[in-house]
Amino acid sequence: MIRRLFVLLLLPLALAGPARAERSEAERAARWADLRHAIFGDRLVTEAEEVVAIDVPARAEDAAIVPVVIRVADTLAPDIVGLYLVIDDNPSPLAAHFLFGTLAEKREIATRVRIDDYTYLHAVAETTDGRLYSAARFVKAAGGCSAPAGKDQALALERLGKMKLTLADRTTPGAPVAAKLLVSHPNYSGLQMDQLSRNYIPADFMQTLEVSYNGGSVFRLESDISISEDPGFDFAFRPADTGSPGVLTAEILDSNQRRFTQSWPVPAAPQM
């Protein structure tokens, strides 16, 4: 789905030219209306910032690495099955689709993205019965999708697919466990230029990420070039408190059909 949207929606952006930052609010609203229909069809998307929120800098320090946090109200979180992150004026607007598993803590998830121009970001939460709730934030940033990679290509390939997981201490049985996953992947956008050869670097990005605990799903991410180089993901999960340690596993499939898998032990919660 994300790749189809990239092809369908890149042309209007290319035709818009360099003055996209100067779009009127009416033009931005029309852009979101087009995107909303392309992603969700005729389904109703209700603006509801009281139940969905985006935390993002109003002006990004680095357009190639913009931190984004999506939060869902406690009252809605149990009914959520997925979250969409849309960066309206990016070449690939549908940046991420998180599909939550049975072990997910759904109230908050965070990552880092590229932003190509001044734009609205939209977060859309989907419930088990198909309702859609959205929130929006405007961000001033430009050039993130074509910004040079932070590492040279040789170093990026050397570290390709390596992952690091940090877990918060488990102090209370039954409480969600906070985790931070760092992934080494250049996530080349196809819009970046090799500074030596002056040729464009072919797109090479993380396509899916699946996180599980003892075989049970935490979440699946479907992503594209709008996710930053060496992305990070902050999330939480609810392991069964059996008194025994468990295993958290992350599996990545990238656009070149390479698979990377890594697992980490999760200590058992202290028994009260």
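User: What share of the contacts in the chain with a separation of 6 or more comes from residues 24 or more positions apart?

Analyst: This is a predicted model, where local features need pLDDT of at least 70, side-chain atom pairs count only at pLDDT 80 or more, and totals for chains, interfaces and linings use all residues. Residues are numbered from 1 along each chain as its sequence is written, and side-chain values use heavy atoms, with hydrogens and water left out. Contact means heavy atoms within 4.5 Å. Among contacts with a separation of 6 or more, the share from residues 24 or more positions apart is 68%.

User: Where is the pLDDT below 50?

Analyst: pLDDT is the predictor's confidence in each residue, from 0 to 100. The chain averages 91, and 92% of the residues score at least 70. Where pLDDT is low, the predicted coordinates should not be read in detail. The stretch below 50 is residues 10–18.

User: Is Val-266 buried or exposed?

Analyst: Val-266 sits in strand 15 (residues 259–266); strands are DSSP E runs of at least two residues, numbered from the N terminus. Its contacts, leaving aside neighbours within four places in sequence, include Leu-167, Tyr-213 and Phe-237. Buried means under 20% relative accessible area, exposed over 50%, partly exposed in between (1.4 Å probe, protein chains only). Because its relative accessible area is 0%, Val-266 is buried.

User: How far apart are the C-alpha atoms of Val-266 and Ser-255?

Analyst: Along the chain, these two are 11 residues apart. Their C-alpha atoms are separated by 30 Å.

Terms used
Helices (H or I, at least four residues) and strands (E, at least two) are DSSP runs, numbered from the N terminus.
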